[in-house]
Structures are given as C-alpha cells and as structure tokens.
Amino acid sequence: MDCLFCSIAKGEIPSKCIYEDESVFAFHDIDPQAPVHFLVIPKQHIASPADINAENSGVVGHIFEVIAKLAAEQGLENGYRVVTNCGKDGGQSVGHLHFHVLGKRSLAWPPG
C-alpha cells in the first residue's frame with residue numbers, strides 16, 4: 001500500500017510531529033490555513049470516515065482525547081475547529097482518515 005499518511009506516521013517521510021503514541025500521530029500541516037493548524041491521524045490505516053466500524057472506532061475516541069490535549073497545549077482556549085473530509089465529493093485529498101485542527105483566528109461558517 002502506498003499511503004502518504006502511513007509513511008508519515010512510520011517516520012519514512014519527515015513531518016513536524018507534535019504528538020505520538022502507540023495508535024495516534026499528530027503533526028503540523030504543511031500548508032496551514034490558520035495560525036495553528038495540525039493534523040491528527042490513526043497509525044492504523046483507515047481510508048476515510050466511511051470505513052470506521054466496530055473494530056476500529058475506539059481509535060477515533062482516542063483521537064478526540066488527543067485533540068483536546070493538544071488544543072490546550074497550543075493555547076486554543078478561545079476555541080478551534082476540527083475538520084474531516086470523506087471521499088472525493090467531500091474534499092478528501094489523502095486516502096487516510098485524518099482530522100484537521102485549526103485555531104488562533106476567527107473561523108466563519110461556511111468556511112471561507
């Protein structure tokens with residue numbers, strides 16, 4: 001399998017890692033859309049939100065625990081946005097489940 005985020009999580013492709021444990025990897029986005037913009041991914045390959053099931057859903061809960069911890073460490077006390085895209089029409093550009101965390105600026109809705 002040739003997956004960009006699997007390679008990043010394995011350390012085969014350099015990244016600015018901000019957190020790692022046995023099941024989760026977090027790193028700064030290479031094209032930040034906010035003053036704070038990082039991604040949190042499962043180390044296990046899950047292609048998209050559509051592929052979350054009873055066997056792998058526990059890591060998603062853990063990811064949100066990690067997001068809360070990292071948001072506090074990054075000083076996002078005024079709030080932040082967590083974004084995940086699903087499939088081509090949903091804007092998913094990498095076929096590995098990932099969550100963008102953006103903060104330190106006002107974020108309008110719809111995004112712009």
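Reader: What makes Phe-25 buried?

Author: In this predicted model, Phe-25 has a relative accessible area of 4%. Buried means under 20%, so Phe-25 is called buried.

Reader: Why does Phe-27 count as buried?

Author: The relative accessibility of Phe-27 is 5%. That value is under 20%, so Phe-27 counts as buried.

Reader: How many aromatic pairs does a search of the whole structure find?

Author: The search finds 3 aromatic pairs. Phe-25 and Phe-27 form an aromatic pair with 5.8 Å centre to centre and 40 degrees between the planes.

Reader: Why is the pair of Phe-25 and Phe-27 called tilted?

Author: Planes under 30 degrees apart count as stacked and over 60 as edge-to-face, with the rest tilted. The planes of Phe-25 and Phe-27 are 40 degrees apart, so the pair is tilted. Phe-5, Phe-25 and Phe-27 form one aromatic cluster.

Reader: What makes the pair of Phe-64 and Phe-99 edge-to-face?

Author: Phe-64 and Phe-99 have 70 degrees between their planes, which is over 60, so the pair is edge-to-face. The distance is 5.2 Å centre to centre, and rings pair if their centres lie within 6.5 Å.

Reader: Which parts does the pair of Phe-64 and Phe-99 tie together?

Author: Phe-64 lies in helix 2 (residues 58–73) and Phe-99 in strand 5 (residues 99–103), so the pair ties together parts that are 35 residues apart in sequence.

Reader: Is Phe-64 buried, partly exposed or exposed?

Author: Phe-64 has a relative accessible area of 39%. Phe-99, at 6%, is buried.

Reader: Which residues have the most contacts inside the largest nonpolar core?

Author: Val-24, Val-40 and Leu-70 have the most contacts inside this core, which has 18 residues. Helix 2 gives the largest share, 7 residues. A second, separate core of 10 residues includes Cys-3, Ala-9, Leu-39 and Val-94.

Reader: What makes strand 1 and strand 4 edge strands?

Author: The 5 strands form an open sheet in the order 1-2-3-5-4, with antiparallel pairing. Strand 1 (17–20) and strand 4 (80–83) each pair on one side only, and these are the edge strands.

Reader: How do you know that strand 3 and strand 5 pair?

Author: Two strands pair if there are at least two bridges between them. Strand 3 and strand 5 have 5 bridges, so they pair, in the antiparallel sense. The bridge partner of Phe-38 in strand 5 is Val-101.

Key: Residues numbered from 1 in each chain as written. Predicted model: local features only at pLDDT ≥ 70, side-chain atom pairs only at ≥ 80, totals over all residues. Heavy atoms only, no water. Phe/Tyr/Trp six-rings, centres within 6.5 Å; stacked < 30°, edge-to-face > 60°. Buried < 20%, exposed > 50% of the residue type's maximum accessible area, 1.4 Å probe, protein only. Helix = DSSP H or I, 4+ residues; strand = E, 2+ residues; numbered from the N terminus. Core = buried A, V, L, I, M, F, W, Y, C linked by side-chain atoms within 4.5 Å.
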